[in-house]
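Have a look at it first, then read on.

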Amino acid sequence: MVDLDPKLGRRAALEAGLRDAIRAGRLRPGARLPSSRILAAELGVSRGTISTAYTQLVSEGFLVSSRGGGSRVADLATGGAEPKNIGPRSEKEASALRWDFRPGEPDLTSFPRSEWQNALREILRTSPASFLGYQDPQGVPELRSAVADHLRRSRNLAVDTENIVICAGFRQGLDLICRVLRDAGTRTVALEDPGLADHHRVAGASLNVVSLPVDALGADTQQLWTSSAQAVVLTPSHQFPLGVRLHPDRRAEAFAWARRTDGLIIEDDYDGEFLYDGGPLGAMQGEDPDRVAYIGSVSKTLAPGIRLGWLVLPPHLISPVCEAKYLSDAASGSFDQNVLASMLRSGAFATHLRKRRVAYRQRRDHMVGMVAERVPGATIRGIAAGLHAVIELPAGVQAGWLQRSAARRGLGIGNLDSYRIAGERADDAVVLAYGRPPSHSFARGIAEFVDLVPG
Ligand SMILES: Cc1ncc(COP(=O)(O)O)c(C=O)c1O
């Protein structure tokens, strides 16, 4: 039932054989797999090899493990352990997908499970009981110091341990800043359009939100002068979703506006760790730390389920943001904070990033090659960084139609129109998050996509 490829190592062969058998239906949904002890004896390998292979397939969604031990075959047709997309999107839609290229998540199967597990084990073995108590709302000092080192080195930030507040991802960071700004008298914030509607909603809970249009040079920061905004949220390294880098003139304009009007730039550096072309680009925060509140997150580098991120703040915002964080949830969880600090210090995080950068870049190049060859009428944009691309479709091909046809084939893609907030719908481009599917199904998913797009 399961063929083992002699060219592969034992574990890789077992994983590949099980994947094939499940995809081909030789192993049916719900079927129970032999215990690691029995299969190890049968194949003449260690139990550890079998357990690791099972764990990997659980993480990829091919198997589900039950509480009493044992592993069963997941139901891929109904989604098995398919990841959920962010936001209140349709569960039905998500569970019918076989290849998920919708923006939102990185490849969750690449999460460094054993590194995380090793760090957690070490922390549980060595930490005093006090680490289980209430923590400093600003974040545990070990993590703040490790994050400061990481940001100075990799993103050129001007940052000290004291400027950092640990938060539950970008969203909470944005929410805390908007609350603090409101309490200090700010009324209006500008957000990029197209952008994430969820972020407009988070900011809109505390402040009036105005749209800042984006074009081929990035956010049109010139318009800040005539808007009523006293703060602006920008994605300067890789605009979401268009993928453009903010042009130096636009960047300079944003600084000039902030200095002249006492405005605040809120820098969303959601995928700044994945820059491929165009030379290194430091964060805006490094240029003027008094005018920029920077927010980073592990949602793209590790996984959004961790809910961990960091704010790097101008001095006057540190104490009110800590107070807002304390009122919101006391502090971020100390287990995750300590594990991340340990992975940053040991180099495990940097190694993971290096590997992911190579893998995502290879995927990007594969996707670009396939689209150029098979859909010459399409134009790919926004690929110098990050985990997604915008694909402008050949004349006459409608994005809504393509998205619906793709969904019928089990292929999830984004529609650029769904990120247009006040701007007009154009129905002419899709967003392909090439970083999202597990690596074993990526190439097939891209092949399905190019197959589907006329000319
Ligand atoms: C534009 C943008 N900003 C920020 C984030 C990170 O959000 P969070 O840290 O809340 O998961 C994402 C998603 O990863 C994003 O697409």
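Let's start with Gly 44, which sits just after helix H2 and takes a positive phi of about 70°. Helices here are DSSP runs of H or I with at least four residues, strands are E runs of at least two, and both are numbered from the N terminus. This is a predicted model, in which local features need pLDDT of at least 70 and side-chain atom pairs count only at pLDDT 80 or more, while totals for chains, interfaces and linings use all residues. Residues are numbered from 1 along each chain as its sequence is written, and side-chain values use heavy atoms, with hydrogens and water left out.

H2 itself covers residues 36–43, and its buried residues are Ser 36, Leu 39 and Ala 40. Buried means under 20% relative accessible area, exposed means over 50%, and partly exposed is anything in between, with a 1.4 Å probe and protein chains only. Looking down the axis of H2, those buried residues fall within an arc of 105°, so they line one face of the helix; the arc is that of the directions from the helix axis to the C-beta atoms. On the other side of H2, you'll find Arg 37, Ala 41 and Glu 42 exposed.

Which peptide bonds are cis? One joins Asp 193 and Pro 194, with omega about 10°. Pro 194 belongs to the loop between strand S5 (188–193) and helix H8 (197–204). Another cis bond runs from Phe 240 to Pro 241, with omega near 5°, and Pro 241 is in the loop between strand S8 (231–234) and H9.

Positive phi values also turn up in residues other than glycine. Asn 156 has a phi near 60° and is found in the loop between H6 and strand S4 (164–167). With a relative accessible area of 54%, Asn 156 is exposed. Ala 330 has a phi near 70° and sits in the loop between helix H10 (315–329) and helix H11 (334–346). At 23% relative accessibility, Ala 330 counts as partly exposed.

## Salt bridges

How many salt bridges does the structure hold? There are 29, a salt bridge being a side-chain nitrogen of Lys or Arg within 4 Å of a carboxyl oxygen of Asp or Glu. One of them pairs Asp 107 with Arg 356 at 3.9 Å, N to O. Asp 107 lies in the loop between strand S3 (99–100) and H5, and Arg 356 in helix H12 (residues 348–374), so this pair ties together parts 249 residues apart in sequence. Both Asp 107 and Arg 356 are buried.

Another bridge brings Asp 288 and Arg 259 together at 2.8 Å, N to O. This pair links distant parts of the chain, 29 residues apart: Asp 288 is in the loop between strand S9 (264–268) and strand S10 (292–297), and Arg 259 is in helix H9 (residues 248–261). Asp 288 is buried at 12% relative accessible area, whereas Arg 259 is partly exposed at 46%. Then there's Asp 451 with Arg 374, whose closest N and O atoms are 2.8 Å apart. Asp 451 is in helix H14 (residues 439–452) and Arg 374 is in helix H12, so the pair ties together parts 77 residues apart in sequence. Salt bridges that share partners also join Asp 100, Arg 102, Glu 105 and Arg 436 into one network.

## A nonpolar patch

Leu 124, Leu 132 and Phe 335 make a nonpolar surface patch of about 290 Å². Patches are made of residues with over 30% relative accessible area and no salt bridge, with like charges joined within 9 Å and nonpolar side chains (Val, Leu, Ile, Met, Phe, Trp, Tyr) within 5 Å. Accessible areas come from the Shrake-Rupley method with a 1.4 Å probe; for residues, only the protein chains shown count as cover. Leu 132 lies in the loop between helix H5 (113–126) and helix H6 (141–155), and at 55% relative accessibility it counts as exposed.

## The whole picture

Stepping back, the protein has 14 helices and 16 strands. Its C-alpha atoms fill a box of roughly 75 × 65 × 35 Å, taken along the principal axes. Buried residues make up 53% of the 455 residues. The protein exposes about 20100 Å², and carbon and sulfur atoms supply 51% of that.
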